[in-house]
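Biologist: I am new to this structure and would like to learn how to read it. Please take me through a few features.

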Amino acid sequence: MRLALFLVGLSSRNRQCRLSQMTSIPKTEVGSTSKRRPSEGERRFAERFTFSAVAEIMNVGSPIRVSARVSDISRSGCYLDAINVFAQGTKIRLTICHANQQFDAAATVVYSLPDMGMGITFDSVDAEMSAVLDRWIAEVKGEIVPLGNHQMLSNMMSDYSRVERDVLG
């Protein structure tokens with residue numbers, strides 16, 4: 001359905017170009033990864049993870065801000081679902097918010113699909129922001145418990161003790 005909406009209104013020449021770009025992007029399950037090696041024309045060298053978060057993009061050269069949703073993330077960049085996109089090569093300031101944490105980085109638009117989204121590469125990430133990114137990726141990989149779940153786990157553990165006491169006497 002999404003592909004059909006995208007193809008409406010494109011000339012047949014553009015349609016072939018965009019379709020070939022889109023078919024090279026593998027579909028993955030939530031929390032899954034794409035481990036294939038990048039083809040010659042691709043620039044992805046970091047493992048990508050399905051991820052959902054709110055993002056705000058600001059064009060470095062103007063006060064224009066765009067809201068987006070992060071759908072894939074890696075150590076080197078992300079894909080943003082957005083209706084309004086910036087042109088390829090645009091230098092941006094990216095802010096991603098997830099689980100009460102914020103990630104900020106200078107970045108560049110690697111490719112842009114009008115009315116769909118943008119591929120972003122991080123240009124510079126300081127140590128503090130790198131730690132936030134590492135935590136999110138570890139959460140998606142299942143290596144650590146997401147920050148928002150600590151209270152829930154604590155409640156479950158206290159309930160477990162109560163249930164154990166009531167059942168076992």
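Biologist: Which residue stands opposite N59 in β5?

Modeller: Helices (H or I, at least four residues) and strands (E, at least two) are DSSP runs, numbered from the N terminus. Two strands pair if DSSP finds at least two bridges between them. Here N59 faces I92 in β5. Strand β2 (residues 48-59) and strand β5 (residues 91-98) run antiparallel, joined by six bridges. This is a predicted model, where local features need pLDDT of at least 70 and side-chain atom pairs count only at pLDDT 80 or more, while totals for chains, interfaces and linings use all residues. Residues are numbered from 1 along each chain as its sequence is written, and side-chain values use heavy atoms, with hydrogens and water left out.

Biologist: How many bridges join β5 to strand β6?

Modeller: Eight bridges link β5 to β6 (residues 101-113), and the two run antiparallel. In this pair, I96 is opposite F103 in β6. The two strands make a hairpin with two residues between them, and A99 in the turn has a positive phi of about 50 degrees.

Biologist: Is S130 buried or exposed?

Modeller: Buried means under 20% relative accessible area, exposed over 50%, partly exposed in between (1.4 Å probe, protein chains only). S130 has a relative accessible area of 14%, so S130 is buried. This residue lies in helix α3 (residues 127-141).

Biologist: What does the protein chain average in pLDDT?

Modeller: pLDDT is the predictor's confidence in each residue, from 0 to 100. The protein chain averages 75, and 60% of the residues score at least 70. Over residues 1-41 the pLDDT is below 50. Where pLDDT is low, the predicted coordinates should not be read in detail.

Key: Contact means heavy atoms within 4.5 Å.
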